[in-house]
Amino acid sequence: MTGKLLGYLAKLTAGVPNEGAFSTGIANLEPCRLRGHPADHLTVEFGGENQVLYRLKKFLFRLGLRIWSGPWYPNIYVMIHSVHLPRAVYVAAELGIADLLKERAYSIGELAQVTQTDERSLYRIMRLLAAYDVFAEDRGRVFGLAKHGKTLLSDDPESSRWWVLSLGDELWKSNSEILESVRTGKTGFEIAHGERVWSWYPKHPREHDIFIKGMNGFTRMHCQELVRAFDFSRFNEVVDVGGGGGGLICEILKANPGLNGVLFDQPRTIDEEGRGRIESMGLSHRCEAVGGNFLEALPEGADAYLFKHVLRDWDDQGVRTMLGNCRKAMPENGTLLIVDAVVNPANGTDRLVKLIDVQMMVDAGGGLRTLSEFEQIFADTGFEIVKIHKTMSLDADIIEAKPIRRPVDESAAAQNKRPEAKRPESEREVVQGAAGRI
Ligand SMILES: C[S@@+](CC[C@H](N)C(=O)[O-])C[C@H]1O[C@@H](n2cnc3c(N)ncnc32)[C@H](O)[C@@H]1O
């Protein structure tokens, strides 16, 4: 009996690192498991509860020992109240609290004075964030930086501060229009700001700069992994389409000394950010910075075209237009590389990815796509998937595609049928294996 009990306890405490978002108590009796993807547990650990303890509580609850299992709270309330967490992180980012705490700890009185805020209100924000390891409170209401707070430091090249500011300011306003967005199919951004996000940003330089810095920090987080997961050295020239401030193309070129690159984005982004970065990295001789509109035309003749986290900003029609332009610009033996998540639609999976999908819906009118949605859009634009290269980044797998070798079947075209993406069976397995990963 004791052996059996110990065996069961061992099973409970082994294996899956986290059983789901928002797990703060035993009310989460059967949260869906996150299967497979090694990074998932890092990103959905909302409740932050020790998993050994959590499983033990669950076990005790099953035995009917409710008194021992500690307090609980129904999951739906945890989800609802968690809305204050991003708001609190935003307040801290806007007030620059992490930067203040970089050198030394501050008492709440000092913090309130320096940031010109109400001491009691600020204390409550700090106490909440200390509960989530952003800051750490010591005796006498003195605060220092904790592990998550360090990512808010402005001078960290991977800083999340700018992204937090964008999400907490103009993009938060899109969120508050979510119901209207669902009712009308418009983006929340359009409803809140009166125009679509990509035409609004260039007219609002302060917010645009913060957004680009935010994307840079976010992208730097992925760079190493993307460069590791894919061999770019087999190409002569890569165009990074919608490449933002150029962080990724510069890293790819640094890691592949024989490669040339083109950074392609809206003219303002290229002028304000991209060109300067290429110069400062000493890559001007190998990397051109081109301003333009990917809905109109792309630079021609490169053997690889990379779209990182771009397709998710656009509805299917927009994506068809940009990929159609890409197909026209690339040679027959060119390669298309899409960096994005492949959504697993199954219940209980891909939670963070599905949260990001809703963010895309309200901000940009796009969304994250499943494998069959990608396949259809590729088929519509004359591509077929060759392989999905998995990475350790939660929402940044690399989908490699080629122009369909045979030109569009003319008899099918004549009958107005869509050409179907054709892949050998063995390749199909690779792709399905990747999509079923989570
Ligand atoms: C979500 S950001 C991705 C940036 C970059 N690929 C990254 O992952 O860091 C989308 C990018 O698309 C660019 N963009 C939007 N509309 C565009 C257009 N019509 N033509 C060219 N670039 C555009 C934006 O300026 C922005 O840099």
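## Exercises on a predicted model

The crossing of α5 and α9 is left-handed.

**Exercise 1.** Find the angle at which helix α5 and helix α9 pack, and classify it.

*Solution.* Step 1: locate the helices. Helix α5 covers residues 84-95, and helix α9 covers residues 161-168. Step 2: take the geometry. The angle is about 120°, and the axes lie 9 Å apart. Step 3: apply the cut-off. Angles of 65 to 115 degrees count as roughly perpendicular, and those over 145 as roughly antiparallel.

**Exercise 2.** Which residues form the contact of α5 with α9, and how do they divide?

*Solution.* Step 1: from α5 come Pro86, Val89, Tyr90, Ala93 and Glu94. Step 2: from α9 come Arg161, Val164, Leu165, Leu167 and Gly168. Step 3: sort them. There are 7 nonpolar, 1 polar and 2 charged residues.

**Exercise 3.** Work out which strands stand at the edges of the open sheet, and why one side of each has no neighbour there.

*Solution.* Step 1: read the order. The 3 strands run β1-β3-β2, with antiparallel pairing. Step 2: β1 (106-107) and β2 (135-138) each have a single partner strand, so one side of each lacks a neighbour in the sheet. Step 3: check a pairing. β1 and β3 (residues 142-145) are joined by 2 bridges. Tyr106 has Phe143 in β3 as its bridge partner.

**Exercise 4.** How many residues surround the ligand, and how do they divide?

*Solution.* Step 1: count 16 residues. Thr219, Gly242, Gly244, Lys308 and His309 are the closest. Step 2: sort the shell into 5 nonpolar, 8 polar and 3 charged residues.

Conventions: Residues numbered from 1 in each chain as written. Predicted model: local features only at pLDDT ≥ 70, side-chain atom pairs only at ≥ 80, totals over all residues. Near = placed C-beta within 6 Å. Nonpolar A, V, L, I, M, F, W, Y, C, P; charged D, E, K, R; others polar. Pairing = 2+ DSSP bridges. Helix = DSSP H or I, 4+ residues; strand = E, 2+ residues; numbered from the N terminus. Axes fitted to C-alpha atoms, helices over the stretch in contact; angles between N-to-C directions. Parallel < 35°, antiparallel > 145°, perpendicular 65-115°, else oblique. Left-handed = near helix turned anticlockwise from the far one by under 90°. Contact = placed C-beta atoms within 7 Å.
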